[in-house]
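Dear colleague,

I am handing over the structure below, and my notes on what turned up in it follow directly after. Please read them alongside the coordinates.

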Amino acid sequence: MRHDDIHLAATGAWHPKTVPVDEAVADGRYSREYQRATGQQRVAVCDDDADSQPAMAMRAARAALGRSGIGAERFGLLLHAVATHNGLPGWNAASYLQHHVLDGHGVSLEIHQLSNSAVAALELACTQLAAGPAGGAAMITAADRFGDGAWDRWRAAPPVFVFGDGASAAVVTRGEGFARIVSTVSVADTGLEGMQRGAMPFSADPRAGYPIGFFDRVMEFSDTLAGGLDEAKQRMADLMRRAGAKAMAEAGITADDVRWVAGPALGREALYEQCLDPLGIDIDRSTWPFARRVGHVGCTDQLAALDDLILSGAVEAGDTVLVAGLGGGYNCTVAVLEFTATPDVPAVPEAGECR
C-alpha cells in the first residue's frame with residue numbers, strides 16, 4: 001500500500017541495563033556454541049518491578065511525544081504493541097498509556113501479532129491517518145519483558161536469539177515529520193501458525209507450558225512438514241522476500257537504494273536467513289550492531305532500532321530506510337521510509353536509554 005503525506009515525526013526507546021552474554025556462558029545459562037552462532041554480546045535485562053512493561057512503554061512514549069513537539073490533543077489514536085504478558089492480566093495497557101501519555105485524547109487499541117506487532121501497528125496507523133482529518137497524529141508504543149518464570153531468556157530459542165527487555169515508541173502524522181512513510185506491505189502464511197504452538201494442547205491455565213520454550217515448539221511443528229525445519233525457514237524467508245519486494249516496488253526503489261534496514265533483533269545467522277538475504281541487503285546496512293547489544297525484545301525491536309539510528313546520527317536527509325517485521329502466525333510487514341530531513345539528535349539521552 002502506497003501512502004501520501006504520512007510521516008514519521010519522532011521515535012523513543014527505553015531499555016534497562018545490559019549484561020554481558022559472557023557472564024551467562026561462564027555460569028552455564030548459555031553455551032559458547034550458541035553465542036558464536038548468534039554473535040550476541042550483551043542483553044538488556046530488567047531487575048526490579050519498576051521496569052514493568054507499562055512503565056517502560058510510558059518512558060519511551062513520553063520521549064517520543066516530547067521530541068515530536070506535537071500536543072496531546074492532536075492524537076486521535078494510540079496503538080500499543082505487545083508480544084507477551086503486558087503488566088497485569090485482565091487489564092487494558094493501551095488505555096493506561098492513552099490516559100497517562102496522551103491525557104486521554106483519541107482512542108487506543110492493543111496489537112498482538114507477536115514480534116511483528118509494532119510494524120503491523122505502523123501500517124495500521126498510516127491507513128487510519130490517511131482516512132482522518134489533516135493534521136492528525138498517532139502514537140505507537142511497544143513493550144516486552146522476558147523472565148519472571150514465564151520465559152528463560154537464554155534457553156527459549158538458544159540458537160536463534162536471546163530475549164531482552166525494553167520498550168519503544170513512534171509518532172506518526174499527516175503533514176509533518178522528518179521521514180515520509182512511502183509504502184507498507186503485510187503478508188501472511190497461516191500454515192506456519194503451529195511453529196509457536198508445537199504439540200502443546202490448548203489450556204485454560206495461562207501458566208501452562210511455563211517456562212515457554214520456542215525452540216522445542218518449532219522443532220515439534222517442523223517434524224509435521226515434509227521438508228522439516230528447512231521448509232519452515234524457507235517459507236518464513238519467502239514472506240520477507242514477498243513483503244520487501246512489493247514494498248520497494250510500490251516505493252519505486254530497489255535494494256541498492258536502501259541505506260539501512262531496521263529489522264528484528266535476531267542472532268546473526270537467523271538475521272541473515274529470515275531478513276537480510278530475502279531483502280538482498282548486507283548486514284553492514286542493518287541495525288545489527290544495536291541488536292547484538294540489546295537482544296530480541298519481542299515486538300519493540302524495529303522502533304528501537306530506528307531510534308538508535310537517529311540518536312547515533314546515522315540517518316540524514318535523502319536516506320531510505322526499510323522497517324522489517326516478522327512475527328509468529330506467520331505474518332510479515334515491511335515499510336519504506338524516505339528521510340526528507342535530518343532528524344534532530346537530543347543533546348542528552350534520557351536516563352536509562354540504551355546506547
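Arg 259 lies over the face of Trp 260, 4.0 Å from the ring centre, where a charge sits over a ring if NZ of Lys or CZ of Arg is within 6 Å of the ring centre and within 35 degrees of the ring normal. Likewise, Arg 59 lies over the face of Trp 14, at 4.3 Å from the ring centre.

Before going further, please note that this is a predicted model, in which local features need pLDDT of at least 70 and side-chain atom pairs count only at pLDDT 80 or more, while totals for chains, interfaces and linings use all residues. Residues are numbered from 1 along each chain as its sequence is written, and side-chain values use heavy atoms, with hydrogens and water left out.

The structure holds ten aromatic pairs (rings of Phe, Tyr and Trp, the last by its six-membered ring, with centres within 6.5 Å; planes under 30 degrees apart count as stacked, over 60 as edge-to-face and the rest as tilted). One of them joins Tyr 30 and Tyr 34, whose ring centres are 6.2 Å apart with the planes at 45°, so the pair is tilted. Tyr 30 is buried at 4% relative accessibility, whereas Tyr 34, at 28%, is partly exposed (buried means under 20% relative accessible area, exposed over 50%, partly exposed in between, with a 1.4 Å probe and protein chains only).

Phe 146 and Phe 163, by contrast, form a stacked pair, with 3.9 Å from centre to centre and 10° between the planes. Phe 146 and Phe 163 lie in the loop between strand 6 (137–144) and strand 7 (166–174), so the pair ties together parts that are 17 residues apart in sequence; strands here are DSSP runs (E, at least two residues), as are helices (H or I, at least four), numbered from the N terminus. Phe 146 is buried, with a relative accessible area of 2%, and Phe 163 also counts as buried at 2%. Together with Trp 151, Phe 161 and Phe 214, Phe 146 and Phe 163 form one aromatic cluster.

Val 297 lies in the loop between helix 9 (288–291) and helix 10 (301–311), and is buried, with a relative accessible area of 1%.

Best regards
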